[in-house]
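Please examine the sequence and the structure shown below. The report that follows describes selected contacts between side chains and selected positions along the chain.

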Amino acid sequence: MTAPTVQLTMVDAGDLYLSWRWEHALDEPRALVLPRELIQGALAELAAATPSPLPGETAEQALTRALTQGPLVDRDREIALAELLSRTLLPHGLATELNAVITQGARPHLRIRPSPSTARVPWEALRVDVGQRTVHCADVSVLPPATVRNAPGRLVSAFDPQGTVVGVLDPRVPGFADASALGSVLGPVAPGSPLDALAAAHGLRRDDLDRATLQSALVDAARFLYVGHVTTGDHALDARLHLCCTADTPGQARPIGAHRPLTAADLALAPWRFPNRVALIACESGGDTRFAEPAGLVAALVRGGAEYVVSTRWTLPTDSGMAHLVPGHPGTPALPDVVVAVDAATATPDPVTALNAWQRDQATRWEATGDPVHSPVLWAAFSTSWAPAPRA
């Protein structure tokens, strides 16, 4: 039985305009306007809580702010923020309708189309009751723009559970040492760990994975897992994936020393073919929604054949950064488990519900223990963009 599904769309036009409609009743939309002055405080608190740079900040300053002082690593303060975001941004009418579905024994699916000002809102983590986050009650995914998911000529790649998995794990970026800005994100991998098994299958810190190699490998793949660096520019098309490409590699981005990044523009302008499931475990890899134009990495992947794309809303801290900056951090690595969980979710029949189940478990552990290993700074960063094949 198909889960009752509701689409929530947000538009910035001075104030925040929201509309929602249930997919079984598309001709019965609801609408609401939230005055900007009533929501700006909550959005500003969220911006100050995440590790993504504020205007004038460096990446290092942003991480230090978020991990030493921010509420996302302090359980009581994070709960207060999650409750504030829920009260401020979740329309009362929609909440009532969702609750009616839940009380009937069904689990609704909330499909979110954020606006630029709400791009970093962790909808899965909103606290809707004592000990209850949105993911305890509903499944949550990102709804790509209609112009992307229904683009002319878009063909969704078939998914074969036994098909090839292309893994790019912590690739070496030419000209950048391990301790540099584009150095290793995973660090040493524990022998015998689940992440070690992924590394054995795909290789770790390889230096031969450039765009030509990747483009060729993805043609017949079922899944693509990327763990590394994504950096953002002034517009969505300038979002950059960092592979092993040297400066003499043709591309839209200017070289950074010995390296040329792979941009969303490169993906959009060339005949790339992407597998049905993609996971980009990298800083702000889902940054499309921060821009008015739907033209970032996620959009390029969806247009190129992906149905499910897991990406992140904000800068993803490394384990070394967490251990060094978060007060009281036990030093237990968390990122390897994140990688394994996201990879496992994309291998399931329904990556949305699988990723949400992992997030639900993390939320429960966070509320019970306050252990920074289960902090929402990690698990709430992730969302799944779902764009099934256009209807005929």
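The text below treats charged pairs, aromatic rings, a surface patch, cysteines and the backbone in turn. The model is a predicted one.

## Charged pairs

Side chains of opposite charge can pair when their charged atoms come close. A search of the whole structure finds 20 salt bridges. The table lists three of them, with the distance from nitrogen to oxygen.

| Arginine 133 | Glutamate 78 | 2.8 Å |

Consider the salt bridge between arginine 133 and glutamate 78. This pair links distant parts of the chain: arginine 133 belongs to strand β6 (residues 132-133), glutamate 78 belongs to helix α3 (residues 75-89), and the two are 55 residues apart. Is arginine 133 buried or exposed? Arginine 133 is buried, because its relative accessible area is 0% and buried means under 20%. Glutamate 78 is also buried, with a relative accessible area of 3%.

## Aromatic rings

How many aromatic pairs does the structure hold? There are three. One of them brings together tyrosine 308 and tryptophan 386, whose ring centres are 6.0 Å apart. The planes of these two rings stand at 10°, so the pair is stacked. Since tyrosine 308 lies in strand β14 (residues 308-312) and tryptophan 386 in strand β15 (residues 382-386), the pair ties together parts that are 78 residues apart in sequence. Tyrosine 308 counts as buried, at 6% relative accessibility.

Another pair, formed by tryptophan 358 and phenylalanine 382, is edge-to-face, with 6.1 Å from centre to centre and 75° between the planes. Tryptophan 358 is part of helix α13 (residues 351-369) and phenylalanine 382 is part of strand β15, so this pair ties together parts that are 24 residues apart in sequence. Both tryptophan 358 and phenylalanine 382 are buried.

A ring can also face a charged side chain. Arginine 277 lies over the face of phenylalanine 159, at 3.6 Å from the ring centre.

## A nonpolar surface patch

On the surface, Val11, Tyr17 and Val33 form a nonpolar patch, and together they have about 240 Å² of accessible area. Valine 33 is located in strand β3 (residues 30-34) and counts as partly exposed, at 38% relative accessibility.

## Cysteines

A disulfide is a covalent bond between the sulfur atoms of two cysteines. The structure holds zero disulfides. For cysteine 244, the nearest cysteine sulfur is that of cysteine 245, 7.3 Å away. Cysteine 244 is in no disulfide, because a disulfide requires two cysteine sulfur atoms within 2.5 Å. Cysteine 244 is buried, at 7% relative accessibility. Cysteine 283 is in no disulfide either, and its nearest cysteine sulfur, that of cysteine 244, is 17 Å away.

## Positions along the backbone

Methionine 10 lies in strand β1 (residues 5-13) and is buried, at 4% relative accessibility.

Which value does phi take at aspartate 170? Phi of aspartate 170 is near 55°, a positive value in a residue other than glycine. Aspartate 170 is placed in the loop between β8 (164-169) and α7 (194-202), and at 1% relative accessibility it counts as buried. Arginine 205 also has a positive phi, of about 55°, although it is not a glycine. Arginine 205 is placed in the loop between α7 and α8 (211-218) and counts as buried, at 12% relative accessibility.

Methods:
Residues are numbered from 1 along each chain as its sequence is written. This is a predicted model: local features need pLDDT of at least 70, side-chain atom pairs count only at pLDDT 80 or more; totals for chains, interfaces and linings use all residues. Side-chain values use heavy atoms; hydrogens and water are left out. A salt bridge is a side-chain nitrogen of Lys or Arg within 4 Å of a carboxyl oxygen of Asp or Glu. Helices (H or I, at least four residues) and strands (E, at least two) are DSSP runs, numbered from the N terminus. Buried means under 20% relative accessible area, exposed over 50%, partly exposed in between (1.4 Å probe, protein chains only). Rings of Phe, Tyr and Trp (its six-membered ring) pair if their centres lie within 6.5 Å; planes under 30 degrees apart count as stacked, over 60 as edge-to-face and the rest as tilted. A charge sits over a ring if NZ of Lys or CZ of Arg is within 6 Å of the ring centre and within 35 degrees of the ring normal. Patches are made of residues with over 30% relative accessible area and no salt bridge: like charges are joined within 9 Å, nonpolar side chains (Val, Leu, Ile, Met, Phe, Trp, Tyr) within 5 Å. Accessible areas come from the Shrake-Rupley method with a 1.4 Å probe; for residues, only the protein chains shown count as cover.
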